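User: I am new to reading structures. Please take me through the terms on this one.

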Amino acid sequence: MPAVHHKLLLEDALQDSPQTRSLLSVFEEDSGNLTEYTNQLLQTLQRVFGAQSEMGLATEQLSRQLLDYEKKNFALGKGDEEVITTLQSFAKSVGELNSLHSGLANQMADSMVFPLIQFREKDLTEISTLKEIFGIATDEHEAAMVKYSRLPKKKENEKLKADMMKEVAYTRRKQHQASLQYYCALNALQYRKRVAMLEPMLGYTQAQISFFKKGLEMVSKKMESFLSSVSDMTQNIQTQLDAEAEAMRMVQKELLSVEDTVYMPDKETETVNRTLIQKAGYLNIRNKTGLVTTAWDRLFFFTQGGNLMCQPRGAVAGGMVLDLDNSSVMAVECEDRRYCFQITSPSGKTSMILQAESKKEYEEWICTVNNISRQIYLTDNPEAVAIRLNQTAIQAVTPITSFEKRQEGSANPDRAKPGGVQPAGSDSQKTGATPEPEDLIAPGTPIQFDIMLPASEFQDQNRAGGRRTNPFGETDECTAESDEDSLLQQVFDVRFLGSMAVRCGNNQEVIYEAMRQVLAARAIHNIFRTTEAHLMVTSSSLRLIDPQTQVTRIGFQLKEVSQFAAHQENGRLMGFVVEGRDWSDENEEGEPSFSAFVFESNTEGEKICYTINLAKEITEAKKDPDALAQLMKNMPLTNDGKFLLLEPETGDSNSGEGQEDLESEA
């Protein structure tokens, strides 16, 4: 007889994936159907046993009834002696037959009814009990994971964290043990049900053959051979069951002999694979349940091609959640939870926030989504492309945290200098072809990710009581007069993502390349903090103002801004290039140098670019009074004579509808 091909793999018990749960549901459904059929079969066999027992009682009563004929003393019974003798002979034969029926009934009870009752009470009841234990262990593990996921990040309590990790490990081990026992029982049931179905009929047939042998001595050799083959088959199945049970015991022992760190949700010793193009595992997803309330659900996510899929427990297949092609992924802080990251569609209209179980899973998910967004999976050898791009990205970006350390982060200081631009006579500029990334930004150029003013300098400003300065040597003196008579003054809420030296300032491609490198560096080095600021655009300058202290962090004259553009796909990203002079070569005029600044805004980047363009038009129009008058005639003005462009953005950012847009899409 062929062996059982369908079984639950014990190695998959710890992961507890939806695929394993789906296969488990098939086994549970089979177990339920088997229980129902066993009860029906047992009722039929008990009816047969009852009929045979009734047959024995009936034959016994018949024997007594035949003997009672003599005791009736019929008044006309003279001459009935032969009848009485014949009936007594019949009574003796019926009595002997009754003993055969009684033996048949006892043999049916032992070999037909009892094995099926034992199978129902022992095996099927054990399956039901293990199912309840497995369900309780699963609920306890889910509850422990919910508590563990709610551990605060800002006020982290090491003792609480350790206790929660122990609780998660304990419940996970308990669930693992329960699932292993449950899976073993379900696998063994596939063998035991065959024996349980065959044993009653084997016992019934053997009892009938024994009855016929003793009563009529008419048992054919063919039936004996058939019963012998059935008996051999039963023994063969029992042998297979014993071998499989021993193998499962060995695997179970091996799986349970691992260290407790296997059950820990966050293992620090694991290395991160940053070249993955496929990923699967459980994540917590944030869902809105009201205007200001949210809920977190733990679901199984996996990638398939360029799509992010989600498969709830019990579902046969997963459904697509988001198209990852050209999407952006960024680590974020969300509701004081750890290991959160956000995936945003290219249009910026769709985003989702997910939480990983551990730091390793968190970093691998970010890298995997980043690799898929570049459509690496469409290449002939995606693994090799992912490894090469990861190595190139790690070598190309070096995160630093201040302008003062800008030259220290590069292995080649000359390459990191803003003045290291490509000569005007380069081949790419001569031919007008699309410039290569190396022509726009020098490889290895360091990136700055914040523009925070040191606390000590801010305190010195307050003690001095004079005009506040910023850490870059800029003061308000150069812009005070121009701000007083400025015809344009517009403020935008932005988040500073990064800045870096570039080689040219007359091409929008350099801004797009700077955006790509800044976002790639943030994803690779897990930098998710951004600097909130107010970008003030006037007719003479651009200024970044701290929203809390109103300190000007950095300012540029409008004539220094040589290029500006919004991202072609993610409209909330924008950047501009500032031209300066490099005096390091002791040149009297100084060599031109360029720096690109990348921002994320709460509104469309095109609005900021339009405002900067209008400011440049006003600057040019100031040189010609007639042109300025014509420009003011065509544009609406406020009551104080300034250009009216947009509603103040700070008011929109405080509304309830804009709360979700405040989250970074980088």
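**Reading the terms**

Analyst: The chain exposes about 35400 Å², and carbon and sulfur atoms supply 51% of that area. Accessible areas come from the Shrake-Rupley method with a 1.4 Å probe; for residues, only the protein chains shown count as cover. This is a predicted model: local features need pLDDT of at least 70, side-chain atom pairs count only at pLDDT 80 or more, and totals for chains, interfaces and linings use all residues. Residues are numbered from 1 along each chain as its sequence is written, and side-chain values use heavy atoms, with hydrogens and water left out.

User: Why is L189 called buried?

Analyst: Buried means under 20% relative accessible area, exposed over 50%, partly exposed in between (1.4 Å probe, protein chains only). L189 has 2% relative accessibility, so L189 counts as buried. In the chain, 44% of the 666 residues count as buried.

User: What does L189 touch?

Analyst: Contact means heavy atoms within 4.5 Å. L189 touches S31, L34, F119, L124 and I127, not counting residues up to four places away in sequence. L189 itself lies in helix 3 (residues 158-215). Helices (H or I, at least four residues) and strands (E, at least two) are DSSP runs, numbered from the N terminus. The chain has 15 helices and 16 strands.

User: How many disulfides are there?

Analyst: The count is zero. C334 is in no disulfide; its nearest cysteine sulfur, that of C340, is 5.3 Å away.

User: Are C334 and C340 buried or exposed?

Analyst: C334 is buried, with a relative accessible area of 4%. C340 counts as buried too, at 2% relative accessibility.

User: What makes a space a cavity?

Analyst: On a 1 Å grid over the protein atoms alone, a cavity is a set of points where a 1.4 Å probe fits but cannot get out. Grid points are joined across faces, edges and corners, and a volume is the space filled by probe spheres set on the points. By this rule there are four cavities of 30 Å³ or more. The largest cavity holds about 120 Å³ of space.

User: Which elements give two or more residues to the lining of the largest cavity?

Analyst: They are helix 2 (81-149) and strand 1 (280-288). Lining residues have an atom within 4 Å of a point. Among them are M145, Y148, Y282 and R298.

Methods. 1 Å grid on protein atoms, 1.4 Å probe; cavity = no way out; pocket = protein on both sides within 12 Å on 5 of 7 lines; lining within 4 Å. Disulfide = S-S within 2.5 Å.
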